[in-house]
Amino acid sequence: MATAVRKFSRQIIRQLSTNSGQRVANKQGNTRWMLVALGTGSIGVTGILLYRKLAQKNDIQSPVVYAKDVKEEKLNRREQRFQAFASTEYDGNIYMTPQDFLESVTEGKPRPRRRRNVISHGEKESLLKHTPARHKGSNNLFRSLHEKGLISYTEYLFLLCVLTKPQSGFRIAFNMFDTDGNQKVDKKEFLVDSTNKEVDTNIDITEVPDTTLLIHFFGSKGRDTLNYKDFSRFMDNLQTEVLQLEFNEFSRGMPTISETEFAKILLRYTTLEAASQQEYLQRVEERIPDEKGITFEEFKKFFQFLNNLDDFTVAMRMYTFANQPISQDEFQRAVKVCVGHTLDKNLVNTVFQIFDTDGDGHLSHQEFISIMKDRLHRGVRSHLDEKSQWSIFKTCVKREIKQNQ
C-alpha cells in the first residue's frame, strides 16, 4: 500500500510541477531544481508542500529559496515573513536561526535590527557544531540552540507544515520521503528532485549546504538515516515546543491560563480586526465570570485537534447537511471521531462562549472552522486557491482510475 501511495504521489507531483520547480542558486550561478513533498492526513493520499509557480492559468504560486533578497518579484506571505525574520546571510543565501523561526510563528513582527548578520564559512561551521545528534533527542531543540544554527527557506516551509500536521499524518509524511520503501530516510531522499523524472539518486549531496536540520537528521557527514520513530518524535516535539512557548507567554509561570487568555491565543493570527476580536473576548469575560483555568495538557490537546480540522469539517458535513448550529455534546462527539478522545468540558464551553454569538448554547461551526483555519496556519496561510488545488488533485485521481480500468 505504501509503495502504491508513493508511486501515485510522484505522479501527482509531476502533474503539479510541470514547467515549474524551485531554483536554488549557488555561488557559480548554477541552479538545482528541488521539491519536497509531505503527506497529509486530511486528503488521505498526499499533499504537495513546495512547488514554484504552477500553471499560471490556475493562479497558483509557491515559495522559492532566494540566494538574495528578491525585490523585483512579488513575494507571497511566507516569503515575506521568512525574509522579515531571517537574520543571517551566508554565501549569498538568507537563513533563519532557530530563534528566528520560533519568533516567526509566535510573534507578530520581527525584532528591530539594522541589517542581517553576514557570516563567513568558519562562523557557519562554528554555529552548526552546536547541533545535537539525533540520538540525544529533539526535545526543546530550537530553544536550546537559540541563535546557534541555520534554517533555509525550504526547511522553514517544511517546519511550518510540521506544525499543522495531525499525528495521523506523520506516517504518510515519512512515507513520502522514504522513496525506496526501506523504512529509512537518507539525506538523498530528503532532498527530492523534481525535474519531471523519478527521484535523482545521483544527486551530489555535498553540493547542498549543511543546515541545522540536515546535521540533526543525518549527522555531520550526512551518512546517518532517519527512521520513523525519530521522525515522528521530531514532529511531535516541535509542535509541543511552539505550543509551550505560547502557553508560557500567558501563564507567567503558573500551571494554568485563564479562559480569556485562551481566547486571546485562539484568536491571534486570524484575519479578525481588533474591534471584532475585542467583541469575542468581551463575551468570554461576561459569560465566564468565575475562572477555572486551562492547563497546558488541555491546551495541547485542543491544538492537536485543530490539526485535524479538515477531518472535523468532513464530520460536521456528514453530521448536519443543513449546516445547522451544533451543541457542545455534538461538538465533543465530532472531536472524538476525529482524534479518538474528547476535550476538557471547560475548554469546550470557552470555545462555545467565543463563537456563540446569540447565546443560545449552539455553535456556528462554519464560522468556527473558517476562523480556526487562519489560526492553524498562524497568519501565513498560503494564498494558494484551495479549489484549484482540489481540482488538480481530482484530475489526477480520475486519470489514475481511468488508466487502471
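**Exercise 1.** Which residues are linked with Glu246 in a network of salt bridges?

*Solution.* Start with the ground rules. This is a predicted model, where local features need pLDDT of at least 70, side-chain atom pairs count only at pLDDT 80 or more, and totals for chains, interfaces and linings use all residues. Residues are numbered from 1 along each chain as its sequence is written, and side-chain values use heavy atoms, leaving out hydrogens and water.

Step 1. Apply the criterion: a salt bridge puts a side-chain nitrogen of Lys or Arg within 4 Å of a carboxyl oxygen of Asp or Glu.

Step 2. Read off the network: Glu246 is linked with Glu249, Arg268 and Arg375.

Step 3. Check one pair. Arg268 bridges to Glu246, with the closest N and O atoms 3.7 Å apart. Arg268 sits in the loop between α11 (259-267) and α12 (274-287), and Glu246 in helix α10, 22 residues apart. Helices are DSSP runs (H or I, at least four residues), numbered from the N terminus.

Step 4. Check burial. Both Arg268 and Glu246 are buried (buried is under 20% relative accessible area, exposed over 50%, partly exposed in between; 1.4 Å probe, protein chains only).

**Exercise 2.** Find the salt bridge between Arg143 and Glu241 and describe its setting.

*Solution.* Step 1. The whole structure holds 11 salt bridges. In the one between Arg143 and Glu241, the closest N and O atoms are 3.6 Å apart.

Step 1. Arg143 lies in helix α5 (residues 141-145) and Glu241 in helix α10, so the pair ties together parts 98 residues apart in sequence.

Step 2. Arg143 is partly exposed, at 28% relative accessibility. Glu241 is buried, with a relative accessible area of 1%.

**Exercise 3.** Place Ser251 in the fold and list its contacts.

*Solution.* Step 1. Ser251 belongs to helix α10 (residues 228-251).

Step 1. Ser251 counts as buried because its relative accessibility is 4%.

Step 2. Skip neighbours within four places in sequence. Ser251 then contacts Thr256 and Ile257 (heavy atoms within 4.5 Å).

**Exercise 4.** Describe the largest nonpolar core.

*Solution.* Step 1. Define it: buried Ala, Val, Leu, Ile, Met, Phe, Trp, Tyr and Cys residues joined through side-chain atoms within 4.5 Å.

Step 1. The largest core has 42 residues. Phe302, Phe312, Phe331, Phe355 and Phe368 have the most contacts inside it.

Step 2. Helices supplying at least two residues each include α10, α13 (296-306) and α17 (365-376).

Step 3. Another core, of 38 residues, lies apart from it, with Phe142, Val185, Phe231 and Leu238 among its members.
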